[in-house]
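Here is a short tour of one protein model, from its overall build down to a few backbone details. Please keep the viewer open as you read.

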Number of protein chains: 2
Amino acid sequence: MAETGTGKYEQLLSRTAKMTPVVTAVVHPCEHSALAGAVEAAALKLITPIYVGPAARITELARKGGIDLGSAEIIDAEHSHAAASKSVALVREGRAELLMKGSLHTDELLGAVVARESGLRTGRRISHAFLMDVPTYHKVLVVTDAAISIAPTLEDKVDICQNAIELAHAFGLERPKVAILAAVETVNSKMPATIDAAALCKMAERGQIKGGLLDGPLAFDNAISKEAARTKGIDSEVAGDPDILLAPDLEAGNILAKILTFLARADAAGLVLGARVPIILTSRADSVRARIASCAAAVLAAHARRKSDVIAPKV
Amino acid sequence: MAETGTGKYEQLLSRTAKMTPVVTAVVHPCEHSALAGAVEAAALKLITPIYVGPAARITELARKGGIDLGSAEIIDAEHSHAAASKSVALVREGRAELLMKGSLHTDELLGAVVARESGLRTGRRISHAFLMDVPTYHKVLVVTDAAISIAPTLEDKVDICQNAIELAHAFGLERPKVAILAAVETVNSKMPATIDAAALCKMAERGQIKGGLLDGPLAFDNAISKEAARTKGIDSEVAGDPDILLAPDLEAGNILAKILTFLARADAAGLVLGARVPIILTSRADSVRARIASCAAAVLAAHARRKSDVIAPKV
């Protein structure tokens, strides 16, 4: 990964510098920012894009916007729906190891990803993770799930948590610390999120969730501040130092991510995890840094997957 | 406590030897074994009985059975119901520090104990504990709740657990080990007992349950055998060495206690905990050892209570 700064993202994702670019199906890049984002990532040698969408429209967009597509392959697809299924097919054939969302709706892309016969389902539930660079926090925070799972059950949370842990492993974190958020730090059967949190911790102890150090329930203050945790008598390795914040549900996760973005001026890089390949999910509002961070994180995850996955790339 | 053997009960309860007898309301002792049990315990200087029941009938029973009531006080009560409420009143007045069930029905006694105005309720739920001396296990096991709480909620289990922990403290165990039993050792939302177990462990970490070292869910084999736990990859200080077995519900607890009694030839000494004073709850089928163990355990609990409780005895 080229130097785009010396911030927390860049430190966390610096290992991409030694990696070869990953072939990425860029799905329906029919708006300037979507196409330009892929081209930037290609220039940084993070990805080798295959553009999948209406070929004439993509070429025209590049020409008008002064974007150099170089020798990148374009696979023609009539409309966004076709672009989504053709991109997914590229992954199934082993021709691409990453998906990058272009200017189609997220639901449309995910629909093709989770399609029962033709999709990219694994045994895992699909989940969303934000990589957040919060200026007032000392490292990158993974916030999950703030975008996909509305009201996750305990089993859903197991997958959401495991997806995030494996992402952190891909960054080189050996045993990422997971703070399981709730409204309070005590267990209370009237607040099911606190019970789920306790259950998740025990599941990690029993090896039902692997590779992370979990604690919860933690209220946001004791999750993020060791001081606040101590005040409450909580002696926790996770408190004050989490790598991952596991939200109790979508509302809480989404509000949390948005407050960090808008009030704490955090950058947020989006990813979809749990499918056969990671999906880069940036939005027009994202900063260049965040967009590059999404790509870099996905590249690391794709490389990690090569070691563990049966689906080796054919490229 | 006088020497009645050198077994596990006697070791655990040996501290009663240095204690003064505790004034005990013996409720409706109108059968030979009930009256004789109290007299035995008095002879061992564990208790100073006050017999509460039909005075003429009790005196006659003693005379016929060759039982020497000595100078013990008898408080006349027309029938078992009156005996129960008069006994409870003795405790409320501070004249007695223990209750001992005679030949009335358990429900009748507990009805008077939990009566909202006149009873002996505390903030805690009432629970039952068996002190079991299992020949094939290396120490006394407290099994709870095998007799009162039919389908305890998480909050009920907190009280059941805390009652048992405090009983173990009274025996001099500083941080008793609690194995929370379930059908499996993994957390599974289809088996609520496993979720409760995880929640209870976290509650102990958060100080919502105090003074014990908890682990669960544990299946019976990995609760009782460190070897079996290791085979399952469970690294637990509790596995193989619990002082307390917390049953998931009444059926499981009762079956567990009965199997230990009938197949593993265990002695089982019964106690009711969580009221203002401990209640000695023996049955006719109990061995003398078990009956004495119930009394000794209750005496230890009553002494421990003197240190913590506002209700000092007036005797």
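The report below starts with chain A, turns to the pairing of the copies, and ends with backbone geometry.

This is a predicted model, in which local features need pLDDT of at least 70 and side-chain atom pairs count only at pLDDT 80 or more, while totals for chains, interfaces and linings use all residues. Residues are numbered from 1 along each chain as its sequence is written, chains are lettered from A and ligands numbered from 1 in the order in which they are written, and side-chain values use heavy atoms, with hydrogens and water left out.

**Chain A as a whole**

Eleven helices and eleven strands make up the secondary structure found in chain A; helices (H or I, at least four residues) and strands (E, at least two) are DSSP runs, numbered from the N terminus. Along the principal axes, the C-alpha atoms of chain A fill a box of roughly 60 × 40 × 30 Å.

Of the 315 residues in chain A, 57% are buried. Here buried means under 20% relative accessible area, exposed means over 50%, and partly exposed lies in between (1.4 Å probe, protein chains only). Taking contacts in chain A between residues at least 6 apart in sequence, 71% join residues at least 24 apart, where a contact means heavy atoms within 4.5 Å.

**How the copies pair**

**Backbone details in chain B**

| Cis peptide bond | Omega |
|---|---|
| B:Thr144 to B:Asp145 | about -10° |
| B:Gly216 to B:Pro217 | near 0° |

B:Asp145 sits in the loop between β6 (141-144) and α6 (154-170), whereas B:Pro217 belongs to strand β8 (residues 213-218).

B:His28, not a glycine, has a positive phi of about 55°. B:His28 lies in the loop between β1 (22-27) and α2 (32-43) and counts as buried because its relative accessibility is 7%. B:Lys45 also has a positive phi, near 60°, in the loop between α2 and β2 (47-53), but B:Lys45 counts as exposed at 57% relative accessibility.
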